[in-house]
Amino acid sequence: MEVTRRPAYRRFLKRLKRAREDAGLTQIEVAQRLRRSQAFVSKSESGDRRVDVIELQAFAQLYGKPVQHFFDRN
């Protein structure tokens with residue numbers, strides 16, 4: 001998927017993973033809390049699957065971050 005190679009999306013993915021780590025959660029713990037598979041979390045963080053806005057909202061809430069945290073400030 002070419003869009004995942006764009007610098008802005010790569011920065012988004014780094015912020016997504018970092019937010020999980022900052023929250024002190026493993027991918028397995030996130031998956032359990034979101035009632036998804038660990039593969040869902042892994043593929044979301046790696047860019048193997050696109051994160052939609054509803055999923056991002058769930059990640060943000062779980063990590064205690066505003067949705068805007070995951071986007072460039074420009």
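Guide: The account below turns to the aromatic rings and then to a charged side chain beside one of them. The model is a predicted one. Across the whole structure, a search finds five aromatic pairs. In one of these, the ring centres of Phe12 and Phe70 lie 6.4 Å apart with the planes at 65 degrees, an angle over 60, so the pair counts as edge-to-face. Phe12 belongs to helix α1 (residues 7-22) and Phe70 to the segment after α4 (53-63), so this pair ties together parts that are 58 residues apart in sequence. Phe12 is buried, at a relative accessible area of 6%, and Phe70 is buried as well, at 0%.

Phe12 also pairs with Phe71: the centres are 6.0 Å apart and the planes stand at 25 degrees, so this pair is stacked. Here again helix α1, which holds Phe12, is tied to the segment after α4, which holds Phe71, across 59 residues of sequence. Phe71 is partly exposed, with a relative accessible area of 43%. Together with Tyr9, the residues Phe12, Phe70 and Phe71 make up one aromatic cluster.

Arg36 lies over the face of Phe40, at 3.9 Å from the ring centre. With a relative accessibility of 40%, Arg36 counts as partly exposed. Leaving aside residues up to four places away in sequence, Arg36 touches Ala31 and Glu55.

Terms used: Residues numbered from 1 in each chain as written. Predicted model: local features only at pLDDT ≥ 70, side-chain atom pairs only at ≥ 80, totals over all residues. Heavy atoms only, no water. Buried < 20%, exposed > 50% of the residue type's maximum accessible area, 1.4 Å probe, protein only. Contact = heavy atoms within 4.5 Å. Phe/Tyr/Trp six-rings, centres within 6.5 Å; stacked < 30°, edge-to-face > 60°. Helix = DSSP H or I, 4+ residues; strand = E, 2+ residues; numbered from the N terminus. Lys NZ or Arg CZ within 6 Å of the ring centre and 35° of its normal.
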